[in-house]
Amino acid sequence: MQFRFDLFIQTLPFLLEGLKTTLGLTLLAMVFGIVFGLIIALFRISKSPLLRGLSSINVDVLRGTPLLLQILVVYYVFPGFGLKLDAFTSGVVALSFNSAAYISEIFRAGIESISFGQFEAANSLGMNYYQTMKHVILPQTIRRVIPPITNEIVALLKDTSLVMITGIAELTYKSKQISAATANVLTPYLAAGIIYLLLTIPLTRLSQNLERRFVKGD
Amino acid sequence: MIKTVNLTKRFGNVKVFENVNFEVRKGEKVVIVGPSGAGKSTFLRCLNALELPSSGEIYYEGTLITQKTNLNKLREEIGMVFQHFNLFPHLTALQNVMLGPVVVKKMDKNLARDIAIDYLKKVGLGHRLNHYPKELSGGEKQRVAIARALAMQPKLMLFDEPTSALDIEMIQEVLDVMKEIAENGMTMVVVTHEISFAKEVADRVVFMADGRIVEEGHPIEFFENPQTERARRFLKSVLSVYSV
């Protein structure tokens, strides 16, 4: 077992092919995760006990069960209920809802950290709920949630590797294929690890910088 | 203009105030004084429905406020200035003042900007238009907050201890602005400890203590010759802190 640079160069295009899928999964799940996360958070703090209950159960279930299990359920169990999705789509669905659960908690904490006086000042001008959220609360919340959401995206990027279980040819899956085909385990796995790090380290640094800047700016 | 009948507010079992009958006529300036915990602020916040009373009635311009009332419409016509300013920190002074007219009244942005600049100049902040709240002093923040409320062109202005959170040297600049608003004929209800302001501006002083209105009357009479023992006790303790 040794690192073979020639093998690394030779299989790199193959890995980058997988990277494309990894990035596609990450970007789609990120967008859906943020949108659904915000909606779940707004339900969670709403006046309606029904919405609050539903969103709270939703968050508990998605955070309280393994993501790998959720991926399997979406791919193998959903078709039994008439919802047949291809592997990539079901991967996106599972990843989106899982990250939405975590992101919703970030939004909820962000909104609840805004002082009550802000809601009152907006109300005293005659703003309704939607106007208050759009013009007063969410602009302040977004500044505060960008750093933790960036961290969440880093976690999501790494978690996309789990969808290889349903045969999606993303980065980790490709590295496993290479190792099987070349009987060299170190080279492809090390290469995949380096590619993940090249993405996650800058993102983590970015998040830390944003955090420092917002703490100072507030 | 606004009137309460047997207004009562409880938080759970804790009674904040009980059976408050209160009226403000158009153009009148009423100052509410009293010890802390008397329920003054909570009462004031009931007037624009930021707090909902437990029982009793509120009439605004003769109409009973109920659960079906459009509270946003009501609040549009009643300006409020808070003890802790509650400016929007992500917006400049100008944007703070423009936001209400643009969002709530759907006013054209250029017109709203002109009006906002006008009000900021009136409160002496023509040179602070593009400053963010964190770049302003406490007195300046409160004057922006007053301009923000005025820009909605309210019929009634509520002030909830507007100078209590200010450093002593900034109190006068805020009171001066409030005096000017009063001189321009605004109907005002002010909760404050500023006795000199009450004497100079108020048409009527309402003394609240222990969750009810204990005494009310003309400011000179009230401050110089209070009728109740409770008011005398209160004024004695206030006068020992504030020099009048």
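This is a predicted model: local features need pLDDT of at least 70, side-chain atom pairs count only at pLDDT 80 or more; totals for chains, interfaces and linings use all residues.
Residues are numbered from 1 along each chain as its sequence is written, and chains are lettered from A and ligands numbered from 1 in the order in which they are written. Local features need pLDDT of at least 70, side-chain atom pairs count only at pLDDT 80 or more, and totals for chains, interfaces and linings use all residues, with side-chain values based on heavy atoms and with hydrogens and water left out.

## Chain B as a whole

Chain B holds nine helices and 10 strands, where helices (H or I, at least four residues) and strands (E, at least two) are DSSP runs numbered from the N terminus. Its radius of gyration is 18 Å, close to the 18 Å that the globule rule gives for 244 residues, so chain B is as compact as a globular protein of that length. The radius is taken over C-alpha atoms, and the rule is 2.2 Å times the number of residues to the power 0.38. The C-alpha trace of chain B spans about 55 × 45 × 30 Å along its principal axes.

Of the 244 residues in chain B, 56% are buried (under 20% relative accessible area, with a 1.4 Å probe and protein chains only). Chain B exposes about 11,000 Å², of which carbon and sulfur atoms supply 47%; accessible areas come from the Shrake-Rupley method with a 1.4 Å probe. Among contacts (heavy atoms within 4.5 Å) in chain B with a separation of 6 or more, 67% are between residues 24 or more positions apart.

## The four-stranded sheet

Chain B contains an open sheet of four strands in the order β2-β1-β4-β5, with antiparallel pairing. The edge strands are β2 (14–24) and β5 (63–64) of chain B, each pairing on one side only. Two strands pair if DSSP finds at least two bridges between them.

| Strand pair | Bridges | One bridge pair |
|---|---|---|
| β1(B) and β2(B) | seven | B:Ile2 and B:Val24 |

B:Ile2 has bridge partners in two strands: B:Val24 in β2(B) and B:Tyr60 in β4(B). B:Tyr60 in turn stands opposite B:Thr63 in β5(B).

The hairpin of β1(B) and β2(B) has two residues between the strands, and B:Gly12 takes a positive phi near 65 degrees there. The hairpin of β4(B) and β5(B) also has two residues between the strands, with B:Glu61 at a positive phi near 50 degrees.

## Helix α5 of chain A

In helix α5 (residues 116–124) of chain A, the buried residues are A:Gly117, A:Gln118, A:Glu120, A:Ala121, A:Ala122 and A:Ser124. These residues pack against α6 (129–159) of chain A and against α1 (40–47), α2 (71–77), β6 (78–81) and α5 (138–150) of chain B. Just after α5(A), A:Gly126 takes a positive phi of about 95 degrees.

Conventions
Buried means under 20% relative accessible area, exposed over 50%, partly exposed in between (1.4 Å probe, protein chains only).
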